[in-house]
Amino acid sequence: MNLLKAITLSLGDDAEPVITPYKLGVIIHGLYALKEYKGERLERLSKEFATLPEFTRQLAALLDTGVLRLLPGCSARVYSLLGRQSDDPDEIVCSLDPFCYVSHLSAMVHHGITDRIPSSIFVSSPDPRAWAGFAKTRMQKDLGQDYDTYIQNKMPQLTRLKLEKIGRREVHRFSSSHLGAYNNVRGKALRVSSLGRTFLDMLRSPDLCGGMRHVVEVFEKHGAQYLALIITEIDSHGDKIDKIRAGYILEERMKLTDAKFENWVAFAQRGGSRKLDASAEYMPQWSEKWCLSLNL
């Protein structure tokens, strides 16, 4: 079997909706190292490992034969595979950034708790420095003892791609230290913030979730149904102000009850200037119990 055919078959084995230079580099590296594809010997491979010139040559051949093509409408230089549908922008983003997950208004859509249709794709991802650390760990896992050789041969590395747009949709990549609460969607390269974390994100960044007025509407419509999940997430991972805002909405506004609310109300600060909507102006209408300006 020739190398180009083995690369093509290996790309077909991969379940990702799009192909990055790093993904292709790992495939080519592995074929050079083993000199076979699923037990069938590869022809004319004398070098022990692939180097950048070999990678460049094989990529050009894949593009010339139509096996790969540049993904249209993407701000990053990545590729789609012949015959594979790559029409879900959320899934594409998760494939291009392996450490991100769909969040905020986009996650609200996935969970069916909003009727808004976002024009942007909202994802949460580690900040660039943390991302680089995760990438090095992933590469070491993917390449094992060949990691140093792969780097020395200047093969494509796992990098934080510039994601500004997928098709007609802009990508809003939110970096935060509050990461990790997501679920993998079965059968897809898609990760979505958990339902509880989505409600917490709504309180933290209402501007990314349709605005605080919409956030309150979503809480009022779905909060009772998902009360246990919301309380568990906010109690475990919410800051003091998150608990104040959630406590006001759930207990005072929605008349729901839970023992945790009495713990949360201890964080209320009398005489302070806390607001329900942090981005809006202070209003002289407030919750006496939760010491919160009701500035919707």
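Q: Is Ser95 buried or exposed?
A: Check relative accessibility; under 20% means buried. Ser95 has 11% relative accessibility, so Ser95 counts as buried. Keep in mind that this is a predicted model.

Q: Where is Ser95 found, and what does Ser95 touch?
A: Ser95 is in helix α4, residues 89-96. Leaving out residues up to four places away in sequence, Ser95 touches Glu16, Pro17, Val18 and Ala189.

Q: Which side chain makes a polar contact with Ser95?
A: The Glu16 side chain does, at 2.6 Å.

Q: Which residues touch the most other members of the largest nonpolar core?
A: That core has 37 residues. Ile113, Phe199, Met202, Phe219, Ile249, Leu250 and Trp290 touch the most other members. Several helices supply at least two residues each, among them α8 (195-204) and α11 (240-253). A second, separate core has 32 residues, including Ile19, Tyr79, Leu143 and Tyr150.

Q: What does Phe199 touch beyond residues up to four places away in sequence?
A: Its contacts are Ile113, Val218, Phe219, His222, Tyr226 and Ile230.

Q: In which sense do β9 and β10 pair?
A: Look at the bridges. Strand β9 (residues 182-185) pairs with β10 in the antiparallel sense, over four bridges. Val185 stands opposite Leu190 in β10. Four residues lie between the strands of this hairpin, and Gly187 takes a positive phi near 80°.

Q: Which way do the residues of β10 point?
A: In β10 (residues 190-193), Leu190 and Val192 point one way, while Arg191 and Ser193 point the other way. All are buried.

Technical notes
Residues numbered from 1 in each chain as written. Predicted model: local features only at pLDDT ≥ 70, side-chain atom pairs only at ≥ 80, totals over all residues. Heavy atoms only, no water. Buried < 20%, exposed > 50% of the residue type's maximum accessible area, 1.4 Å probe, protein only. Contact = heavy atoms within 4.5 Å. Polar contact = N/O pair within 3.5 Å; in protein donor to acceptor, adjacent residues only side chain to side chain. Core = buried A, V, L, I, M, F, W, Y, C linked by side-chain atoms within 4.5 Å. Pairing = 2+ DSSP bridges.
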